[in-house]
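Subject: Structure handover

Hello,

Here is the structure for you to look at. My notes on what was found follow below it.

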Amino acid sequence: MQLAIKAVGEGARALSFLLAKNPQNLYDRTEKGYRVRLTYTVFTETEVEVILFVTPDPVELVKNSPDTFKITQYINDREFVVSSIFCSYARSALATAINGRTIEEYLPWVTHAFQLNVSFGPVATDLSDSVVTGLFEPLGFQVIIERGDVDYLFKLKDKSSARFLHLQGRVTLQNTLNYLYVLIPVLDDYKHYFMDEREIEKLQRYGEGWLANHPFNEVIIKRSLRFRELIDKVPPELMTKIPESFPSDPLDNREPAINLNELRYETIVKIIETLPSKETIVDFGSGEGKLSVRLGLIPQVQEILAVEPTERLLLRAMKRFAQASLQEGFISPTPIWGSFYYYDERVRNKDVMILGEVIEHIDEHRLPRVMDTIFGSYQPKTLIITTPNVEYNQVYEMEEEMRHKDHRFEWTRAEFIAWCNSWADQYSYGVKIDGIGQEVEGFGQPSQIAIFTRQVGSEK
């Protein structure tokens with residue numbers, strides 16, 4: 001983990017007083033669990049560069065962790081990437097500059113805007129390059145994003161979440177550090193400690209004077225606090241409404257003002273409401289349970305199985321189900337940890353099965369095996385599949401090839417129709433294909449949907 005700050009121009013030497021670090025001495029501190037080093041690589045009248053290194057103890061990182069029983073404690077990037085861990089460990093070395101305290105002679109330099117070049121990384125982020133740029137540009141920086149100089153025979157580097165960030169701008173040192181202390185955890189979206197209301201206090205302290213007016217204010221707060229209980233406690237003066245030209249969530253695929261996820265849910269619910277048989281439903285890849293909760297409010301539904309392979313999302317879904325169970329007439333879904341790749345007798349012969357934005361997360365060469373399990377073994381009376389329409393990505397003016405880094409493929413409308421007709425013919429299902437969302441001539445609609453209906457007498 002490293003952070004480099006270079007000041008160029010008149011008064012650059014004042015950087016050392018703002019940091020309260022003597023350029024003649026190596027700052028080297030070892031605490032329990034980590035080591036912090038700070039050194040000057042350049043120190044002249046008009047150019048000063050300081051580099052901060054943080055080296056965590058990999059053993060201490062996993063002690064007392066709730067994940068100690070998982071293999072992820074041995075195979076992860078937490079030891080190397082710039083994240084909330086870096087911010088915590090580096091704070092002692094940067095505290096004087098962050099607080100704007102220095103000797104009286106140099107106090108005017110606290111508010112002086114230096115010509116700064118700031119580099120840090122590696123950062124592991126699920127945000128697109130365009131969103132990362134959008135976080136820093138409104139703060140007065142030019143942003144350069146760099147990936148490792150490694151050659152592959154395939155596009156692994158382009159899809160990698162690991163990046164180095166280089167920021168250039170005329171900004172005060174104190175403001176720069178405040179920006180980083182808020183936005184580095186936003187980029188990494190990982191917290192290594194228990195979160196409580198002190199997180200709001202951090203946003204108030206480090207975000208004072210800029211966060212409320214940031215175009216991605218809502219995104220920053222959401223990814224900083226994560227939990228609805230904390231987000232609801234954010235004071236009004238720290239939040240602002242994002243203009244319609246900006247997405248409410250960069251992970252929502254840069255979609256327009258109409259929330260495409262909500263349209264999918266509404267469409268699926270309306271379809272199910274019209275079905276003659278809807279007593280038992282399987283929501284495959286249920287995620288946080290947002291669709292499953294809506295299914296629990298449909299009359300005549302008696303059972304909902306919410307199947308999800310990710311434990312973290314399943315725990316969120318369970319909490320959502322518990323809150324929704326207070327509503328009269330709500331059928332609480334049954335959370336099931338499961339995957340397409342393991343046969344589960346519990347989901348066989350149900351009235352409805354839903355694969356909402358799921359199949360694109362499966363390697364395309366594995367789809368035939370998965371679909372054989374669904375159509376041939378599980379045999380739902382009705383199967384509903386939605387998936388992105390890759391042609392519509394041009395409407396979003398996306399830089400990326402696909403809408404999410406975990407998508408293994410995205411189909412054109414013709415490809416989707418061909419696959420659906422092939423499955424329907426092979427397994428004796430009828431199929432109706434449509435779209436979801438605003439239609440644009442020549443590009444179709446953002447999502448594609450297929451409704452498969454098992455033909456009478458096709459049961460094995």
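S161 sits in the loop that joins α5 (156–159) to β7 (162–171); helices (H or I, at least four residues) and strands (E, at least two) are DSSP runs, numbered from the N terminus. This is a predicted model, in which local features need pLDDT of at least 70 and side-chain atom pairs count only at pLDDT 80 or more, while totals for chains, interfaces and linings use all residues. Residues are numbered from 1 along each chain as its sequence is written, and side-chain values use heavy atoms, with hydrogens and water left out.

S161 has a relative accessible area of 26% and is partly exposed (buried means under 20% relative accessible area, exposed over 50%, partly exposed in between, with a 1.4 Å probe and protein chains only). Leaving aside residues up to four places away in sequence, S161 touches V123, A124 and T125, where contact means heavy atoms within 4.5 Å.

A124 is also among the residues touched by D188, together with R78, V81, V82 and S83, again not counting residues up to four places away in sequence. D188 lies in helix α6 and is buried, at a relative accessible area of 8%.

Helix pairs

Helix α6 (residues 173–188) packs with helix α3 (residues 84–99): their axes come within 11 Å and cross at roughly 165°. Axes here are lines fitted to C-alpha atoms, for helices over the stretch in contact, and angles run from 0 to 180 degrees between N-to-C directions. The two helices are therefore roughly antiparallel to each other (angles under 35 degrees count as roughly parallel, over 145 as roughly antiparallel, 65 to 115 as roughly perpendicular and the rest as oblique). The crossing of α3 past α6 is left-handed; a crossing is left-handed if the near helix is turned anticlockwise from the far one by less than a right angle, and right-handed if clockwise.

On the α3 side the contact is made by S84, F86, C87, A90, R91, L94, A97, I98 and N99, and on the α6 side by L173, Q174, L177, N178, L180, Y181, I184 and P185. By class, this contact of α3 with α6 has twelve nonpolar, four polar and one charged residues. Ala, Val, Leu, Ile, Met, Phe, Trp, Tyr, Cys and Pro count as nonpolar, Asp, Glu, Lys and Arg as charged, and the others, Gly among them, as polar.

A second pair is formed by helix α7 (residues 198–206) and helix α8 (residues 217–225), which pack at an angle of about 145° with axes 10 Å apart. Here α7 passes α8 in a right-handed crossing. E199, I200 and L203 of α7 meet I221, S224 and L225 of α8. This contact of α7 with α8 divides into four nonpolar, one polar and one charged.

Helix α8 is mostly covered, with seven of its nine residues buried: N217, V219, I220, I221, R223, S224 and L225. Their cover includes α4 (129–136), α6, α7 and α9 (228–231). Just after α8, R226 takes a positive phi of about 70°.

Backbone points

Most residues other than glycine have a negative phi, and most peptide bonds are trans. A20, in the loop between α1 (14–19) and β2 (27–31), has a positive phi near 60°. This residue, A20, is partly exposed at a relative accessible area of 47%. E357, in the loop between β11 (352–356) and α13 (367–378), has a positive phi near 55°. At 16% relative accessibility, E357 counts as buried.

The peptide bond from G121 to P122 is cis, with omega near -5°. P122 is placed in strand β5 (residues 114–124).

The chain as a whole

The protein chain has 14 helices and 14 strands. Of its 460 residues, 48% are buried. Among contacts with a separation of 6 or more, 71% come from residues 24 or more positions apart. The chain exposes about 23300 Å², and carbon and sulfur atoms supply 50% of that area (accessible areas come from the Shrake-Rupley method with a 1.4 Å probe, and for residues only the protein chains shown count as cover).

Regards
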